[in-house]
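Trainee: Hi! Could you walk me through this structure while I have it open?
Mentor: Happy to, let's take a look together.

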Amino acid sequence: MQHALEQLAIVMVHTSHPGNIGSAARAMKTMGLHDLRLVCPTRFNSPETRALASGADDILEQAQHFDTLPAALADRQRVIGTSARAERSLRWPQMNARQCGEFVVSQSPPQKTAIVFGRERTGLTNKELEYCQSLVHIPMAFDFFSLNIAAAIQIVCYECMMSARTQIPAEAGPAPDTRQEPAATTENLESFYQHLEQALIDVRYLDPDNPRLLMRRLRRLFGRTLLSQSEINILRGMLSAFQGRKFTSRSS
Ligand code: SAH
């Protein structure tokens with residue numbers, strides 16, 4: 001199903017080698033993806049970028065630039081992080097690249113999805129992973145190794161394309177989301193999490209001096225469900241009521 005690939009963005013965070021951006025553009029183009037988003041690359045427009053893009057110049061030209069990761073994700077309804085390591089302390093639901101391709105393509109209706117790739121040396125920070133609802137780890141022969149970032153992008157894009165090509169008929173796939181309401185975007189979700197955190201502080205459930213992992217756990221909880229925009233409005237209305245305030249969807 002072509003539609004799912006059209007809704008898929010590849011986000012590269014703080015990429016330091018311009019050649020990797022060119023190789024990533026080529027990897028995307030060969031697999032039929034076009035939405036590349038760059039968050040603060042160290043260098044972008046170098047001869048190396050163009051050389052390694054090798055004909056995927058249109059992807060580079062259309063690539064959008066952002067100062068922060070939440071800005072790059074603002075319109076996204078599903079965000080998948082990538083990790084060179086199989087384990088993180090507080091685990092996000094984890095997929096391999098094949099499962100990721102199946103997940104992206106099987107969303108019914110298709111959701112605006114982003115797959116986020118980290119820095120060459122250090123990957124994504126825990127703070128950045130908090131914007132993600134799940135993680136992809138491509139299994140490797142040795143745990144102490146990592147893939148080149150463009151190679152990781154190639155594998156993930158390949159799996160998404162293959163999944164789109166071989167997609168099972170809709171009636172045999174997962175039950176479609178019948179709510180007929182748009183799913184919340186990262187922007188909606190981040191406003192909700194800020195509101196939730198403040199409300200929990202107001203009622204003294206959350207100690208800002210000792211927050212522990214509460215917000216991360218709550219993000220994981222809500223991340224398991226595809227909240228719609230109107231469900232977010234209900235939750236925020238409830239939070240405002242607990243706070244003794246009035247919430248309208250425009251008051252965020
Ligand atoms: N030492 C870093 C390695 C980062 S590799 C770390 O442990 O995080 C740079 C980026 O390439 C990663 O952030 C991820 O986006 C991608 N990548 C590399 N190997 C990967 C793998 N096996 N699975 C998924 N993504 C991988």
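Trainee: Which residues touch the most other members in the largest nonpolar core?
Mentor: Ile10, Leu36, Ile115 and Ile153 do, in a core of 38 residues. A nonpolar core here is a set of buried Ala, Val, Leu, Ile, Met, Phe, Trp, Tyr and Cys residues joined through side-chain atoms within 4.5 Å. Buried means under 20% relative accessible area, exposed over 50%, and partly exposed in between, with a 1.4 Å probe and protein chains only.

Trainee: And which elements give two or more residues to this core?
Mentor: Helix 1 (2-6), strand 1 (8-13), helix 2 (18-30), strand 2 (35-39), helix 4 (57-62), helix 6 (97-106), strand 6 (113-117) and helix 8 (149-165). Helix 8 gives the most, with eight residues. Helices (H or I, at least four residues) and strands (E, at least two) are DSSP runs, numbered from the N terminus.

Trainee: Before we go on, what should I know about the model itself?
Mentor: This is a predicted model, where local features need pLDDT of at least 70 and side-chain atom pairs count only at pLDDT 80 or more, while totals for chains, interfaces and linings use all residues. Residues are numbered from 1 along each chain as its sequence is written, and side-chain values use heavy atoms, with hydrogens and water left out.

Trainee: Good. What is Ile153 in contact with, beyond its neighbours within four places in sequence?
Mentor: Ile153 is in contact with Ile10, Met12, Ala24, Ala27, Met28 and Phe117; contact means heavy atoms within 4.5 Å. Apart from that core lies another, of 16 residues, including Ala72, Ala114, Leu124 and Cys132.

Trainee: Switching to helix packing: at what angle do helix 9 and helix 11 cross?
Mentor: Roughly 15°, with the axes of helix 9 (residues 186-202) and helix 11 (residues 229-242) coming within 10 Å. That makes helix 9 roughly parallel to helix 11. Axes are lines fitted to C-alpha atoms, for helices over the stretch in contact, and angles run from 0 to 180 degrees between N-to-C directions. Under 35 degrees counts as roughly parallel, over 145 as roughly antiparallel, 65 to 115 as roughly perpendicular and the rest as oblique.

Trainee: Which residues make the contact?
Mentor: Helix 9 uses Asn188, Leu189, Ser191, Phe192, His195, Leu196 and Ala199, and helix 11 uses Gln229, Ile232, Leu235, Arg236, Leu239 and Ser240. They divide into seven nonpolar, five polar and one charged. For those classes, Ala, Val, Leu, Ile, Met, Phe, Trp, Tyr, Cys and Pro count as nonpolar, Asp, Glu, Lys and Arg as charged, and the others, Gly among them, as polar.

Trainee: New topic: is Glu130 buried or exposed?
Mentor: Glu130 counts as buried because its relative accessibility is 17%. Glu130 is in the loop between helix 7 (126-129) and strand 7 (134-136), and touches Trp92, Arg216 and Arg219, not counting residues up to four places away in sequence.

Trainee: Where is Gln107, and what does Gln107 touch?
Mentor: Gln107 is in the loop between helix 6 and strand 6, and is buried at 9% relative accessibility. Leaving out residues up to four places away in sequence, Gln107 touches Arg78 and Thr113. Pro109 lies in that loop too, and a cis peptide bond, with omega about 0°, joins Ser108 and Pro109.

Trainee: What about the backbone at His14?
Mentor: His14 has a positive phi of about 50° although it is not a glycine. His14 is in the loop between strand 1 and helix 2, and counts as partly exposed at 32% relative accessibility.
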